[in-house]
Amino acid sequence: MHSLKLILSNLKYFAPVWVFSSLNFIIGTWVLYIPHVKEKLQLNDSEIGLALFCLAAGVLISIPTVPFLSKKIGLGRYTLIGVVLFSIAFLFPLMSSSYVLLCASLCIVGMFSGTTDVAMNTLVSEIEKRDSCNFMSAAHGFFSLGGALGAVLGSFLMPFFENPVYHMMVMILFIILINIVLGKHYFKIIEESVSKEKSKREIKILKPLLALAFIAFVIMSSEGAIEHWSTLYFTEVIEITQKNLAGIGFIVFSTTMTIGRFFGDRISEKIGSLRIILLGCFLASVGYLCVLFNSFIMAVLGFGILGLGLSVIIPELFRMAGKTKGIKASVGISFVSGIGFMGFLLGPVILGFISDAYSLKISFSALLMLTILALIISFLKLKSGKVNS
């Protein structure tokens, strides 16, 4: 819990971490209205999946631009700009009056999401190196906390807003104001540069990051799928009758992920990157098995275990990528997160098509198989010692 105390005791650490919370706070509100958007535009599961593909495509398109934006605008400056633009962009999906506009608006959301995500991770990586401290996992814990808070507060406020747009506007205003106040603590931070000689070796250095990138691909497939399909899983598979309980899976998932990430930095220091990634994959597999029971209680428990298992993997991968010697943190994190977001891109889409062809339960069975594959690959690749840790 040392990293959590570090963050809460000093605004220079809390300020960049709040950006993590902000992004998922907005997303946590958005996921509550996915069933509303589906009903409003009369979409099927595959069409929802394709729309989410557009969001992830925007992420993937924008990620390679982060090193350029970091250099030209400044890492801290762009992080603040990015979170403001990302928040505002989430108004447009709820305002969309057609499927085409929905896809286009989600693509724009994805573009700001991708650049802001890499910028904030790079910002934390730079602060970790500068101050010789570890709080990447805890920062991702605040990301999960933001999702849980957004979903919980959003569920509470939903009955008070007939129009979802007004609800989202209130959330956006809240997030922007706080970030503007806290932004002064990281606004002037710039990224550490590397020598021209080292820059020429970046392609060669990226080779050992392939294993990290593949694991990120698998894990982010699960994170993206759970984030966007958990509410529909409870309405269509578990068949709950109370709509305000549809977000329970995402709320529990985000809560346990928050807890896991707050402890992740300390656990990583004690058992090492290899063991914590393997443990996370194992727990996630158990979580999926619980989710696949046709029981409300078991499904809620399963999403809780899933959140705990997945919690530490991505922060650990980003930390390792950001600290690879001889390469800029933004380049290493952009590479690993870019491949990871390909999974985020494909996961929701494939789930939609599988759900249409078979069922949403079969889709989640596919996620279980993918997680088991991640467990096997992480053991083989990381055990070989070819990945920096």
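**Exercise 1. Which side chains meet in a salt bridge at 3.4 Å, N to O?**

Welcome! Keep in mind as you work that this is a predicted model.

*Solution.* 
- Step 1: look for the charged partners. The pair is Glu 223 and Arg 261, whose side chains form a salt bridge with an N to O distance of 3.4 Å.
- Step 2: Glu 223 sits in helix H13 and Arg 261 in helix H14, 38 residues apart, and the pair links distant parts of the chain.
- Step 3: check the surroundings. Glu 223 and Arg 261 are both buried.

**Exercise 2. Find the salt bridge of Lys 38, and work out which parts of the chain are tied together by the pair.**

*Solution.* 
- Step 1: name the partner. Lys 38 forms a salt bridge with Glu 236, and the closest N and O atoms are 2.7 Å apart.
- Step 2: locate both ends. Lys 38 belongs to helix H3 and Glu 236 to helix H13 (residues 210-236), so the pair ties together parts that are 198 residues apart in sequence.
- Step 3: compare the accessibility of each end. Lys 38 counts as buried because its relative accessibility is 16%, under the 20% cut-off. Glu 236, at 32%, counts as partly exposed.
- Step 4: Ile 34 and His 228 are 194 residues apart in sequence, yet their C-alpha atoms are 7.8 Å apart in space. Ile 34 is buried, with a relative accessible area of 2%.

**Exercise 3. Describe the salt bridge between Lys 12 and Asp 131, and the network it belongs to.**

*Solution.* 
- Step 1: start with the count. The structure holds 5 salt bridges.
- Step 2: take the distance. In the bridge between Lys 12 and Asp 131, the closest N and O atoms are 3.5 Å apart.
- Step 3: find the elements. Lys 12 is in helix H2 (residues 11-30) and Asp 131 in helix H8 (residues 99-131), so the two tie together parts 119 residues apart in sequence.
- Step 4: Lys 12 is partly exposed at 32% relative accessible area, and Asp 131 is partly exposed at 24%.
- Step 5: widen the view. A network of salt bridges links Lys 12, Arg 130 and Asp 131.

**Exercise 4. Which residues form the nonpolar patch on the surface, and which helix gives the most to the patch?**

*Solution.* 
- Step 1: list the members. Ile 259, Phe 263, Ile 267, Ile 271, Leu 279, Phe 282 and Leu 308 make up the patch, with about 580 Å² of accessible area together.
- Step 2: assign the helix. Helix H14 (residues 248-291) gives the most, with 6 residues.
- Step 3: Ile 259 is found in helix H14 and is partly exposed, with a relative accessible area of 43%. Thr 258, also in helix H14, counts as buried at 4% relative accessibility.
- Step 4: see what Thr 258 touches. Leaving out residues up to four places away in sequence, Thr 258 touches Gly 141, Ser 144 and Leu 145.

**Exercise 5. Which residues touch the most other members of the largest nonpolar core?**

*Solution.* 
- Step 1: recall the background. In soluble globular proteins, nonpolar side chains tend to be buried together.
- Step 2: The largest nonpolar core has 120 residues, and Trp 30, Phe 135, Tyr 233, Phe 303, Leu 306, Leu 317 and Phe 364 touch the most other members.
- Step 3: Beyond its neighbours within four places in sequence, Tyr 233 is in contact with Ile 238, Val 291, Leu 292, Phe 303, Leu 360, Lys 361 and Phe 364.

Conventions:
Residues numbered from 1 in each chain as written. Predicted model: local features only at pLDDT ≥ 70, side-chain atom pairs only at ≥ 80, totals over all residues. Heavy atoms only, no water. Patch = residues over 30% accessible without salt bridge, like charges linked within 9 Å, V, L, I, M, F, W, Y side chains within 5 Å. Areas by Shrake-Rupley, 256 points an atom, 1.4 Å probe, with all protein chains shown as cover. Salt bridge = Lys/Arg side-chain N within 4 Å of Asp/Glu carboxyl O. Helix = DSSP H or I, 4+ residues; strand = E, 2+ residues; numbered from the N terminus. Buried < 20%, exposed > 50% of the residue type's maximum accessible area, 1.4 Å probe, protein only. Core = buried A, V, L, I, M, F, W, Y, C linked by side-chain atoms within 4.5 Å. Contact = heavy atoms within 4.5 Å.
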